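Subject: A structure for you to look at

Hi,

Here is the structure I promised to pass on. Have a look at it first, and then read my notes below.

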Amino acid sequence: QIAALLQADPVHVHIHDMCTEGKVLMVKALLMQGCPVNYKDERSGSNSESPLFCACAAGKLDVAKVILATQGVLLDQPDKRGRTPLMVAAGCGALDITALLLAGGCNRNAMDEQGENAKDYAYAHGIGTRMAFMSQLLMR
């Protein structure tokens, strides 16, 4: 943990990259050093995602847990296209993260700019048992 803390220079290490790569200790260290938990990625080519969004889109459960345990995290913070962490988790088939977000009280009915919600993402991108399971979770 000490090595991660020493390497976690918020000026040179981007929390969004660490979330996408699943580097739990680096994410913890960056948050400990004051990196805002809801910081939006405004780099070129980005859709203005939050760290939680990045972790969910990459299917990184352990990172998502760290971020969700951080005070002040916004569960439903959308990107520029209106997609929420739940939508991308459901869309990529990350059942564990989808269940975690739902248990945390996220808005299952939030809609993106095209009027689609997480259930739509699950149907559009899920297959077989995964789609049926996520659809059941999202219908509750």
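Predicted model: local features only at pLDDT ≥ 70, side-chain atom pairs only at ≥ 80, totals over all residues.

Residues are numbered from 1 along each chain as its sequence is written, and side-chain values use heavy atoms, with hydrogens and water left out.

How much of the chain is buried (under 20% relative accessible area, 1.4 Å probe, protein chains only)? Of its 140 residues, 45% are. Also, if you take the contacts (heavy atoms within 4.5 Å) between residues at least 6 apart in sequence, 62% of them join residues at least 24 apart.

Now for one helix pair. The axes (lines fitted to C-alpha atoms over the stretch in contact) of helix 5 (residues 61-68) and helix 7 (residues 95-103) come within 10 Å and cross at roughly 15°. That makes helix 5 roughly parallel (an angle under 35 degrees) to helix 7. On the helix 5 side, Leu61, Lys65 and Leu68 meet Asp96, Ile97, Leu100 and Leu101 of helix 7. Those residues divide into 5 nonpolar (here Leu and Ile), no polar and 2 charged (here Lys and Asp).

Cheers

Technical notes: Buried < 20%, exposed > 50% of the residue type's maximum accessible area, 1.4 Å probe, protein only. Axes fitted to C-alpha atoms, helices over the stretch in contact; angles between N-to-C directions. Helix = DSSP H or I, 4+ residues; strand = E, 2+ residues; numbered from the N terminus. Parallel < 35°, antiparallel > 145°, perpendicular 65-115°, else oblique.
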